[in-house]
Amino acid sequence: MPAKHETVERDEIPPGTLYMLILKTLARSGELHGYEIASTIQAISQDVLQVEEGSLYPALQRMLIKGWVTAEWGVTRGNRRARYYRIAKLGRKQLAAEVLQFDRVIGAIQRVLQAG
Amino acid sequence: MLWIKELVRRFFMMLRREKLDRDLEEEMRFHLDLRAEEYSSRGLMSDDARALAQRRFGNITVLHEESYGAWGWAWIDRLFVDVRLAARQLRSAPGFAALTVFILAFGIGTTTAIFSAVNTILFESLPYPGAGRIVTIWETSTEGARNDGTFGIYKGLAERSRLLDSLAVLKPWQPTMTSADEPERFEGQLVSASYFRVLGVRPFLGRDFTPSDDRMNGPGVVILSNKLWRRRFNADPTIVGRDVTLEGNEYSVIGVMPESFENLLAPAAEVWGPLQYDMSQGRAWGHHLRTIGRLRPGVSIDQAANELAELAHEIVNEQRPETYRGPFNLNVFSLQADITRGVKPALLAIAGAVALVLIVGCVNVTNLLLARGVRRRPEFALRVALGAGRERLVWQLLTEGLFLAVMGGVTGMAVAIIGVHALVALSPPGLPRAADIQLNGSVFAFGFGLTTLVGFVFGVIPALQISTSPYRSIQDGSPRTTDPQKLTSRALVVAEVALAFVLLVSSGLLLRSLQHWFAVDAGFDASHLLTMQVQTSGRRFQENSVTYKFFDDALAAVRSVPGVTMAALTSQLPLSGDSDVYGVRFESSPIQMQTEDHSAFRYAVSPGYIETMRIPLRRGRLLGDGDRAGASLAALINESYANRNFPGIDPIGQRLRIGPPDSPLYTIVGVVGDVKQVSLGLNRADSVYVTPGQWKFTDNTMSLVIRSDGDPAALARAVRAAVWSVDKDQAVVRVATMSDVVAASAAERRFALILFEAFALATLVLAAAGIYGVLTGIVAERTREFGVRTALGASRGNIVGLVVRQGSLLTGCGVLVGLLGAVVASSAIAAMLFGVSRLDPATYAGAIVILSCVSVLACLVPAWRAVRIDPASTLRS
């Protein structure tokens, strides 16, 4: 009955905000592996935002290159090997900058919507 | 700097790409597992859960590629594939690869080596602060001959000039140091106190000269070079203030120059003393000093030249010195231009020649690549058919070209290293900064740039040729040449022949110049002549009579050496670089030389000198033992000098003064033949010969000339021993046969000639290879036609004629283009030519003959192949 799952209304993550969401999630939770990042975003957004898993790993690779996150292999509570990501100093800076910009844009959009 | 860190991260990730691959794979599999578990915990069958997770995740290979692509490796991967393919291609044609790499290595290597020399000598700034503002100041006579400066002009300019920051004069000095150890003669300079200030360097130990050091009879002080300080004084830090004995006098060391100091005006100089110029006796107006100056910031050389020329004429008008009776000019050059003046034309011409070699090499390689491209046409057609884009094919060809160029470049760097060593070893003694020539960063950058450029060109030409028409050959699939391809490779061969012709003509002109150079009558007989320089040093030689006696005794001892047939002494040796010029005035000359520079070379020679040198006597008598101190003063002058001053009059018995107006009068007793003193290329020969005993000063340095029956060089040891048997403390230097001295006078020309000959030979071989290659192609292409012709009764001679005619056509076109090129190019070497016009018909004809012969030789093998074509089998095929 997979259809049951797919009927849940979910929105794709707005373009350009994936990095911000990943960074924010890592900033709050410390160390997470890829699955946890996706699940956490989904859970905190109360199932509204679903990370497209296909884009998660390329995004993480790019963030590694940029030096925003670091990755290390660790062991899960279920005793399985998993790669844990952690936000780096550069990542925090980037997060702050992106949040600032996002707020500005959202504020502006809301002003446009309320104007009339 | 973030992007640098990013680059570094990318780079390190690339090195660990396999681990990264595995990590990514494991990570994504783990993610899928968790997702599948999640679904099955919600009640799905495990297979369904897995499928759903998979579906949600997407195509794992694509994702993998994409994540991996984030690192920007895709192009590297493609490059690796291309390079591997290129390497495989070349391995399948090792002969072609080796030949190509060899040609390229030679071209790139020699060009890089020559560039390193040209760059160091002509373009790298001199190792002085503000080197661009250092100038040298010369006087030129109306004939254009350069004269050394005079102290009088120096002093006047130093007092009056407003555009000069500082001015200095200098002259060579070769003091002998005596100590507990063996006596040693140093190369050195006597300089005015401002010398190091002009160069902008200071001693690193002690102090610089001050004006108080530099007055007549001032204190004996010296500054040592770093090398001398290390060599003779074990780098003793307390050297300043110590005394050394030079010329038998105590000199106090006041400074040591830094190790980095390069004394370009006299590279061998190891010791400097103050000039302490003796202004008495009118010597101030003798031309025997070099003058250098430093311009004030912002002053151009032209401005300075105008000011100085004006001031110099002002000084001369006020003081009216004897030696400035005729008009003269003052010229100002940058120090760099001055010290490279002699070699600049040669270097630039050599650089041009080597560039031609490189171009010819590239042309050849391009032709090789084109020919190969034709053979590979089916392969390309197949690849296009299999879906390779044109862009991909071009990339592949570019990679192959670059790959070849890089291999050639790497090998070429080895050639360059050898080349630089050879260049330094071959270089003429006058080559400035030869020791600084090396393969440094800029040279490697040049070599790298060249390699890349060459690779790009090699890639692009065949790529353009081939990528335009692979579609057509797909139909017939045969490696037949097409018209544009034929045309290109023939045009390239024509270009090659033309360039070879240019180089042949250039080296021919240089060869003829050198022949003319050595055919010049020096005015003396250089064969069987040994020369060496003897210098007296020590306090006892301050007594003139002691000096005379030493030289007399030494000469007597030398004359008694077995094998010596004649020997004599002279204060200056022709063609050796010696120059001692005095103002000479004839007491009564019908031609009052108001308009002429009337300085002449002054020789103090022992009786027997003219005979030993075999300078012909034209009139009167030679100098003899009777012409000694106290006897009436006798002088010889040379023939052209006499003819100019005494046209139709017997010069014998006329009288002249050497130096200032109050000098004594000498009577001309004889006229001898002209001798080239400065250079075989300069006609200036005005000379006056007197005996040392009748000369007012004493020459402390004399050259021995020794004539022998056999090999003069074999006498060197015995002659030196003879000199030392008189006084073992006197330095004997500059031992050489006169033939060597004459040869050294053409060293720069010979240097250029050797390189040109080598390059001309290389291009000739390359051009021959080009002709051969194209003709081989043509023969292969016309196989069927030749077969038919033979079947129809064409003789072997007809067939050979056909092939040779085709080759000759290419050569002919090449020669025509080359003729134009050579006319243009020969102006570049005009400065090095001597006694031969740059349009010398004999040279051009010679070059045509050589090229024609080589071209016919290159045709013969393909022609032979054409003759051997079996008509039966070709007709059947």
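**View 1. Helix α2 of chain A over the sheet.** In this predicted model, helix α2 (residues 18-29) of chain A lies across β2, β4 and β5 of chain A. The helix runs at about 95 degrees to β5(A); axes are lines fitted to C-alpha atoms, for helices over the stretch in contact (heavy atoms within 4.5 Å), and angles run from 0 to 180 degrees between N-to-C directions. Helices (H or I, at least four residues) and strands (E, at least two) are DSSP runs, numbered from the N terminus.

**View 2. Helix α4 of chain A.** Residues 53-66 of chain A form helix α4, which lies across β4 and β5 of chain A. Its direction is at about 120 degrees to β4(A).

**View 3. The open sheet of chain A.** Three strands in the order β2-β5-β4 (chain A) pair antiparallel; a pair requires at least two DSSP bridges between the strands. β2 (32-33) and β4 (69-75) of chain A are the edge strands, each with a single partner, so one side of each has no neighbour in the sheet.

**View 4. The β4-β5 pair of chain A.** β4(A) and β5 (residues 81-87) of chain A run antiparallel and are joined by seven bridges. Opposite Trp73(A) is Arg83(A) in β5(A).

**View 5. Chain B.** Chain B contains 27 helices and 24 strands.

**Notes.** Residues are numbered from 1 along each chain as its sequence is written, and chains are lettered from A and ligands numbered from 1 in the order written. Local features need pLDDT of at least 70, side-chain atom pairs count only at pLDDT 80 or more, and totals for chains, interfaces and linings use all residues, while side-chain values use heavy atoms, with hydrogens and water left out.
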